[in-house]
Amino acid sequence: MPMQKKADCVTILGIESSCDETSASVCVNGQIRSNLIATQKIHEQYGGVVPELASRAHMQHIVPVVDGALQKAGCTLNDLNAIAFTRAPGLIGSLLVGAQFAKSMALSLDVPLIAVHHMQAHVLANLIDDPRPNFPFLCLTVSGGHTQIVLCEAPLQMKVIGETIDDAAGEAFDKCAKLLGLPYPGGPLIDKYAKDGDPERFSFPEPRIEGLDFSFSGVKTAILYFLQNAGKSYVFKENAIATEEEKQTFIQNNLADICASVQHRIVTILLNKLKKATLQTGIKNVCLAGGVSANSGLRTAFREAGEKYKWNTFIPAFEYCTDNAAMIAITAYYKYFENDFSPLSVTAAARAEW
Ligand code: KG4
Ligand code: ZN
């Protein structure tokens with residue numbers, strides 16, 4: 001395995017390809033110089049990410065995206081001290097494209113290879129720009145595939161202290177949006193319509209889950225029955241109260257209030273557990289991460305909770321919240337100084353412990 005080169009300037013290329021974004025980023029001495037993201041639009045027509053199409057699109061995007069990231073950073077291949085990539089978790093066909101590309105680059109340039117865990121990287125996105133949290137901090141990571149509360153004691157020392165036992169928060173937004181007939185990904189649309197709605201108009205049940213774990217599947221089911229019953233009941237009725245036409249009319253006439261109430265419920269589930277985590281750990285530095293942190297209801301509730309409970313709150317810039325390679329490059333920057341390198345035999349994994 002190649003050793004760390006002696007260098008005054010540490011330049012790392014990060015590559016992210018775990019789902020449907022192909023991204024490359026260059027980090028020089030801990031500063032992000034570029035972060036290019038190619039989003040795959042092809043999945044919209046299928047109502048969700050199609051794994052086979054995602055891997056094919058990564059194959060098409062990876063060369064121009066890596067080239068673009070190097071150019072934007074003003075770097076050449078010879079400047080690179082290490083190549084980092086997302087090893088897990090994610091769609092295996094997507095991960096393999098980034099992993100193989102990174103390995104080939106590390107081999108041909110004779111520089112170390114750094115394997116990064118995607119969820120660890122989401123947390124460390126909070127270290128990209130000022131203001132950065134002091135350690136220890138708690139991070140609520142909310143994305144389409146994950147919902148976790150992470151306790152981070154040092155850049156590479158973190159553990160999951162709470163997570164979803166079923167759907168992720170972003171998945172809950174998307175599934176509820178689908179029930180309302182909205183296109184994929186529906187999370188941003190729920191956010192948009194919720195702005196004109198009354199969050200207290202409909203009261204979807206809050207799950208009773210012990211400890212710091214989350215559950216969102218009950219909310220989704222309650223909304224399913226609520227719509228089937230055209231707003232007259234939250235529970236399953238064998239003989240549906242409403243016809244399809246009544247259901248559609250109900251949705252049309254109440255879309256803003258339904259979206260606001262759904263968003264309110266998901267956000268309160270998240271914030272209640274986060275508050276519990278701060279009380280249990282006594283930690284007041286609290287961060288957000290992941291694509292759902294774009295949600296305006298969550299951002300407002302998070303900031304308000306910060307003021308109320310005297311937390312120091314942190315939210316990374318939006319481009320570092322959704323899937324991106326800058327978070328991979330910054331994580332690799334810390335790993336570089338620990339000599340935490342991987343052999344070329346390292347394999348991508350759909351699931352993996354940290
Ligand atoms: O982190 P991310 O970009 O990708 C992964 O899942 O890893 O998160 C995407 C998720 C989707 O479920 C999307 O609907 C949700 O984040 N999302 C939102 C908003 N923007 C993105 N959900 C609610 N409100 C938003 N404004
Ligand atoms: Zn992610």
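Q: What order do the strands take in the open sheet with β8 in it?
A: The order is β8-β7-β6-β9-β10, five strands with mixed pairing. Strands are DSSP runs of E, at least two residues long, and helices are runs of H or I of at least four, both numbered from the N terminus. Two strands pair if DSSP finds at least two bridges between them. This is a predicted model, in which local features need pLDDT of at least 70 and side-chain atom pairs 80 or more, while totals for chains, interfaces and linings use all residues.

Q: Which strands stand at the edges?
A: β8 (157–163) and β10 (312–314) do; each has a single partner strand, so one side of each has no neighbour in the sheet. Neighbouring strands are turned by 25° against each other on average, direction ignored. Axes here are lines fitted to C-alpha atoms, for helices over the stretch in contact, and angles run from 0 to 180 degrees between N-to-C directions.

Q: And how do β6 and β9 run?
A: β6 (residues 137–142) and β9 (residues 285–289) run parallel, joined by four bridges. Leucine 138 is opposite valine 286 of β9. Helix α8 (residues 296–309) packs on this sheet and touches β6, β9 and β10, with its direction at about 160° to that of β10. Contact there means heavy atoms within 4.5 Å.

Q: Other sheet. What's the order with β3 in it?
A: β3-β2-β1-β4-β5, again an open sheet of five strands with mixed pairing. β3 and β5 (113–117) are the edge strands, each pairing on one side only. The twist averages 20° from one strand to the next.

Q: How many bridges join β2 to β3?
A: Eight, between antiparallel strands β2 (residues 21–28) and β3 (residues 31–39). Serine 23 faces isoleucine 37 in β3, and serine 23 is also the bridge partner of glutamate 16. β1 (residues 11–16) runs antiparallel to β2, with six bridges.

Q: What's in the turn between β2 and β3?
A: The two strands form a hairpin with two residues between them, and asparagine 29 in the turn has a positive phi of about 50°.

Q: Which helices lie across that sheet?
A: α1 (residues 51–73) lies across β1, β2 and β3, at about 25° to β2. α9 (residues 326–337) lies across β1, β2, β3, β4 (82–88) and β5, at about 135° to β1.

Q: Now the ligand. How many residues surround it?
A: 17 surround ligand 1, each with a heavy atom within 4 Å; the closest are Gly144, Asp174, Asp191, Gly291 and Asn295. By class there are five nonpolar, nine polar and three charged residues. Nonpolar covers Ala, Val, Leu, Ile, Met, Phe, Trp, Tyr, Cys and Pro, charged covers Asp, Glu, Lys and Arg, and the others, Gly among them, are polar.

Q: What about asparagine 295?
A: An N or O atom of the asparagine 295 side chain lies 2.9 Å from a nitrogen atom of ligand 1. Glycine 291 has a backbone N or O atom 2.9 Å from a ligand oxygen. Polar contacts with the ligand are pairs of N or O atoms within 3.5 Å.

Q: How much of the ligand does the protein bury?
A: 86% of the 550 Å² that ligand 1 exposes taken alone, by Shrake-Rupley with a 1.4 Å probe. α4 (169–179) and α5 (187–194) each give two or more residues to the shell.

Q: Where are the cis peptide bonds?
A: One joins alanine 88 and proline 89, omega about -15°, and another joins tyrosine 184 and proline 185, omega about -10°. Proline 89 is in the loop between β4 and α2 (92–109), and proline 185 in the loop between α4 and α5.

Q: How are things numbered?
A: Residues run from 1 along each chain as its sequence is written, chains are lettered from A and ligands numbered from 1 in the order written, and side-chain values use heavy atoms, with hydrogens and water left out.

Technical notes:
Polar contact = N/O pair within 3.5 Å; in protein donor to acceptor, adjacent residues only side chain to side chain.
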